Amino acid sequence: MRAVLRNKIIEVCDKKIASKGENVGVSFYAFFKNKNDDPELLMEAAEWWIKTHHLDHFEKAAKIKAMVVAGE
């Protein structure tokens with residue numbers, strides 16, 4: 001995973017957790033604007049989320065952040 005995506009995921013998860021608490025859920029779409037302005041990065045996130053880790057559509061932000069920080 002590229003550093004730009006890793007940093008974006010951590011930033012978004014931190015914001016979601018801070019505003020809605022530890023149990024807030026996210027999908028990989030949470031890391032992107034409604035416009036698809038970076039399709040390659042979106043596909044990288046989707047592949048990591050769906051193909052690599054077989055995650056559900058929504059997962060706890062704290063879980064996703066922990067996975068990214070651990071380099072999974």
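**Close-ups of a predicted model**

**View 1. Helices α1 and α2 are roughly perpendicular to each other.** In this predicted model, the two helices cover residues 3-20 (α1) and residues 39-52 (α2). Their axes cross at roughly 70 degrees, which falls in the 65 to 115 range and therefore counts as roughly perpendicular. At the crossing, the axes come within 11 Å. As for handedness, the crossing of α1 and α2 is right-handed. Zoom in and you'll find V4, L5 and K8 of α1 meeting L41, E44 and A45 of α2. Sorted by type, the residues of this contact are 4 nonpolar and 2 charged, with no polar ones.

**View 2. The largest nonpolar core has 22 residues.** Which residues have the most contacts inside this core? They are I9, F28, F31, F32, W48, W49 and I64. Three elements, α1, α2 and α3 (61-69), each give two or more residues to the core.

**View 3. Here we look at what surrounds I64, one of the core residues with the most contacts.** Set aside the neighbours within four places in sequence, and I64 is in contact with I9, C13, V26, F31, W48, W49, L55 and E59.

**View 4. H54 has a positive phi, though it is not a glycine.** Most residues other than glycine have a negative phi. For H54, the value is about 50 degrees. You'll find H54 in the loop between α2 and β2 (59-60). Is H54 buried or exposed? Its relative accessibility is 64%, so H54 counts as exposed, the cut-off being over 50%.

Key
Residues are numbered from 1 along each chain as its sequence is written. This is a predicted model: local features need pLDDT of at least 70, side-chain atom pairs count only at pLDDT 80 or more; totals for chains, interfaces and linings use all residues. Side-chain values use heavy atoms; hydrogens and water are left out. Axes are lines fitted to C-alpha atoms, for helices over the stretch in contact, and angles run from 0 to 180 degrees between N-to-C directions. Helices (H or I, at least four residues) and strands (E, at least two) are DSSP runs, numbered from the N terminus. Angles under 35 degrees count as roughly parallel, over 145 as roughly antiparallel, 65 to 115 as roughly perpendicular and the rest as oblique. A crossing is left-handed if the near helix is turned anticlockwise from the far one by less than a right angle, and right-handed if clockwise. Contact means heavy atoms within 4.5 Å. Ala, Val, Leu, Ile, Met, Phe, Trp, Tyr, Cys and Pro count as nonpolar, Asp, Glu, Lys and Arg as charged, and the others, Gly among them, as polar. Buried means under 20% relative accessible area, exposed over 50%, partly exposed in between (1.4 Å probe, protein chains only). A nonpolar core is a set of buried Ala, Val, Leu, Ile, Met, Phe, Trp, Tyr and Cys residues joined through side-chain atoms within 4.5 Å.
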